[in-house]
Amino acid sequence: MPDQCTEAEWKIMEVLWDHAPRTMSEITKTLEPTTGWTRHTVITLLKRMQEKGTVAVDDSGDVKRYTPLLSQEEASTQQTQKFLNRVFSGRASLLINHLVDSGEITLKEMDELMDMMRKNGKK
């Protein structure tokens, strides 16, 4: 499994998950208004991501085209697990407790979580 995506790499992955393959210019044009990144920044990030194995490059045409090698679901699972391990000792119950105590989760959302757990056969 590829290394964890950084926050910057995640931004590029979101662009690629939205529509792939994309060229470096297309990625830069999409991200520049919100990030201020130049093509040099995007090139550097794409090279790093290629080394990590999170994106593939097709250089058979006139321009390189990038495609994600990690699905959004796989990346989300990695990020969630890393966060749980780092902040809550790998325990989802501590995360839920924190969300309840801080008021970040509504009663309706708690009911939805309980329904999901029942449907998945978890107790």
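This is a predicted model: local features need pLDDT of at least 70, side-chain atom pairs count only at pLDDT 80 or more; totals for chains, interfaces and linings use all residues.

Biologist: Fine. By class, what does the lining of the second largest pocket have?

Modeller: There are 5 nonpolar, 3 polar and 3 charged residues in that lining.

Biologist: And which residues line the second largest pocket?

Modeller: The lining is made of Thr23, Met24, Ser25, Ile43, Lys47, Gln50, Val57, Asp59, Val63, Lys64 and Tyr66. Two elements give two or more residues each, helix H2 (24–35) and helix H3 (39–52).

Biologist: Which element gives the most to the lining of the second largest pocket?

Modeller: H3 does, with 3 residues.

Biologist: What volume does the second largest pocket have?

Modeller: About 190 Å³.

Biologist: OK, charges next. How many salt bridges does the count come to?

Modeller: The count is 5 salt bridges. One of them pairs the side chains of Glu9 and Lys52, at 2.8 Å from N to O. That pair links distant parts of the chain, with Glu9 in helix H1 (residues 7–18) and Lys52 in helix H3, 43 residues apart.

Biologist: Is Glu9 buried or exposed?

Modeller: Glu9 counts as buried because its relative accessibility is 0%, and the cut-off for buried is under 20%. Lys52 sits at 22%, so Lys52 counts as partly exposed.

Biologist: Which residues are linked with Glu9 in a network of salt bridges?

Modeller: Arg48 and Lys52 are linked with Glu9 in that network.

Biologist: What does the side chain of Glu9 reach at 3.0 Å?

Modeller: The backbone nitrogen of Thr6. Leaving aside neighbours within four places in sequence, Glu9 is in contact with Gln4, Leu45, Arg48, Met49 and Lys52.

Biologist: Which residue forms a salt bridge with Asp18?

Modeller: Arg22 does, and the closest N and O atoms are 3.4 Å apart. Asp18 is exposed because its relative accessible area is 62%. Arg22 has a relative accessible area of 11%, so Arg22 is buried.

Biologist: And what about Glu112 and Lys108, how do their side chains meet?

Modeller: In a salt bridge, 4.0 Å from N to O. Glu112 and Lys108 are 4 residues apart in helix H6 (residues 107–119), so about one helical turn separates them.

Biologist: How accessible are Glu112 and Lys108?

Modeller: Glu112 is partly exposed, with a relative accessible area of 40%. Lys108 is exposed, at 60%.

Biologist: Switching to the backbone. Which kind of peptide bond joins Ala20 and Pro21?

Modeller: A cis one, with omega about 0°. Pro21 has its place in the loop between H1 and strand E1 (22–23). As background, most peptide bonds are trans, and most residues other than glycine have a negative phi.

Biologist: On that note, what is phi of Ser89?

Modeller: Phi of Ser89 is near 55°, a positive value in a residue other than glycine. Ser89 is found in the loop between helix H4 (72–88) and helix H5 (92–101). Ser89 counts as exposed because its relative accessibility is 62%.

Biologist: Back to the helices. Where is Leu46 found, and is Leu46 buried or exposed?

Modeller: Leu46 is in helix H3. Leu46 is buried, with a relative accessible area of 1%.

Biologist: What is Leu46 in contact with, leaving aside its neighbours within four places in sequence?

Modeller: Its contacts are Ile12, Met24, Ile27, Val55 and Tyr66. For Asp111 and Leu46, 65 residues apart along the chain, the C-alpha atoms are separated by 41 Å.

Biologist: Last one: where is Thr28 found, and what is Thr28 in contact with, again leaving aside its neighbours within four places in sequence?

Modeller: Thr28 is in helix H2. Its contacts on that basis are Trp37, Thr38, Arg39 and Val42. Thr28 counts as buried because its relative accessibility is 11%.

Notes. Residues are numbered from 1 along each chain as its sequence is written. Side-chain values use heavy atoms; hydrogens and water are left out. On a 1 Å grid over the protein atoms alone, a cavity is a set of points where a 1.4 Å probe fits but cannot get out, and a pocket is an open set with protein on both sides within 12 Å along at least five of seven lines; lining residues have an atom within 4 Å of a point. Grid points are joined across faces, edges and corners, and a volume is the space filled by probe spheres set on the points. Ala, Val, Leu, Ile, Met, Phe, Trp, Tyr, Cys and Pro count as nonpolar, Asp, Glu, Lys and Arg as charged, and the others, Gly among them, as polar. Buried means under 20% relative accessible area, exposed over 50%, partly exposed in between (1.4 Å probe, protein chains only). A polar contact is a pair of N or O atoms within 3.5 Å; within protein, one must be able to donate a hydrogen and the other to accept it, and residues adjacent in sequence count only if both atoms are side-chain atoms. Contact means heavy atoms within 4.5 Å.
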